Amino acid sequence: MPEDTRLPELVIRRMSPEDLPEVMELERRAFSAPWTEEMYRREMEKWEGCYLVARSGGELAGYGGALLILDEAHVMTLAVREDLRRRGIGARLLLELVRRAERMGARFLTLEVRKSNRPAIELYTRFGFQVMGERRQYYLDNLEDALIMWTEDITSPEYRKRLEELERRYGAV
């Protein structure tokens with residue numbers, strides 16, 4: 001009999017200082033060069049920052065964050081617990097980041113991603129991100145290159161249609 005992969009209801013909300021112990025635990029597992037708790041505290045205090053957590057059954061399932069710079073939202077981080085990956089949590093976090101970034105005035109999204117991170121690149125591509133360049137030896141832990149990815153105008157009718165399709169696929173938050 002196949003394992004039940006359904007999750008209890010996923011709740012996505014703004015990250016708070018109370019979330020940081022769990023966020024830091026996942027941060028250390030997900031990234032070879034993790035941010036510090038102080039870095040998250042500073043980012044959460046910025047008016048132009050948008051940091052979210054996803055909880056399932058009360059437990060941290062993932063988190064993500066973006067920083068608005070003029071009319072561009074830079075996706076700074078996105079992580080999902082390893083045992084919960086490939087269940088749409090990252091997509092639902094990214095959907096909510098896009099929505100909130102647009103409300104904050106963003107017209108474009110950008111990010112850097114490890115060149116070897118195929119699952120993340122596939123997710124970002126579904127959201128309309130396109131590779132626009134590379135940053136050589138961007139990651140200091142192993143000097144891996146980063147791909148620079150951008151979206152088209154997220155306020156355009158074409159992008160809104162893409163978001164509606166993604167919402168149908170992953171469910172609205």
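This is a predicted model: local features need pLDDT of at least 70, side-chain atom pairs count only at pLDDT 80 or more; totals for chains, interfaces and linings use all residues.
Residues are numbered from 1 along each chain as its sequence is written, and side-chain values use heavy atoms, with hydrogens and water left out.

**The sheet**

Let's start with the strands. Helices (H or I, at least four residues) and strands (E, at least two) are DSSP runs, numbered from the N terminus. Two strands pair if DSSP finds at least two bridges between them. On that basis, 7 strands make an open, mixed sheet with the order β1-β2-β3-β4-β5-β7-β6. The edges belong to β1 (10–14) and β6 (130–139); each has a single partner strand, so one side of each is left without a neighbour in the sheet. From one strand to the next, the twist averages 25°; axes here are lines fitted to C-alpha atoms (for helices, over the stretch in contact), and angles run from 0 to 180 degrees between N-to-C directions.

Leu 10 sits opposite Ser 56 in β2.

Over at the other end, β7 has antiparallel links to β5 through 5 bridges and to β6 through 6 bridges. Leu 111 is opposite Met 149 in β7, while Gln 130 is opposite Trp 150 in β7. How much of β7 is buried? It is mostly covered, with 6 of its 7 residues buried, where buried means under 20% relative accessible area, exposed over 50%, and partly exposed in between (1.4 Å probe, protein chains only).

Contact means heavy atoms within 4.5 Å. By that rule, helix α3 (residues 89–103) packs on the sheet and touches β1, β2, β3 (59–69), β4 (72–80) and β5 (108–114), with its direction at about 145° to that of β2. Helix α4 (residues 118–126) lies across β4, β5 and β7 (144–150), and runs at about 165° to β5.

**Empty space**

Rolling a probe the size of a water molecule over the atoms shows where empty space is left. The search uses a 1 Å grid over the protein atoms alone: a cavity is a set of points where a 1.4 Å probe fits but cannot get out, a pocket is an open set with protein on both sides within 12 Å along at least five of seven lines, and lining residues have an atom within 4 Å of a point. Grid points are joined across faces, edges and corners, and a volume is the space filled by probe spheres set on the points.

| Space | Volume |
|---|---|
| Largest cavity | About 40 Å³ |
| Largest pocket | About 1,200 Å³ |
| Second largest pocket | About 240 Å³ |

In the largest pocket, 39 residues form the lining, and the closest to its centre are Phe 31, Leu 78, Asn 117, Ala 120 and Tyr 124. Two or more lining residues come from each of α1 (20–30), β4, α3, β5, α4, β6 and α5 (157–170), and β4 gives the most, with 7 residues. By class, the lining of the largest pocket has 22 nonpolar, 7 polar and 10 charged residues. Here Ala, Val, Leu, Ile, Met, Phe, Trp, Tyr, Cys and Pro count as nonpolar, Asp, Glu, Lys and Arg as charged, and the others, Gly among them, as polar.

The second largest pocket has 4 nonpolar, no polar and 8 charged lining residues. Among them are Glu 22, Arg 29, Glu 59, Arg 81 and Asp 83. α1 supplies the largest share of that lining, 5 residues.

Most residues other than glycine have a negative phi, and most peptide bonds are trans. Which way does phi go at Leu 70? Leu 70 has a positive value, near 55°. Leu 70 is in the loop between β3 and β4, and counts as exposed at 78% relative accessibility. Arg 86, also not a glycine, has a positive phi of about 70°. Arg 86 is in the loop between β4 and α3, and its 67% relative accessibility makes it exposed.
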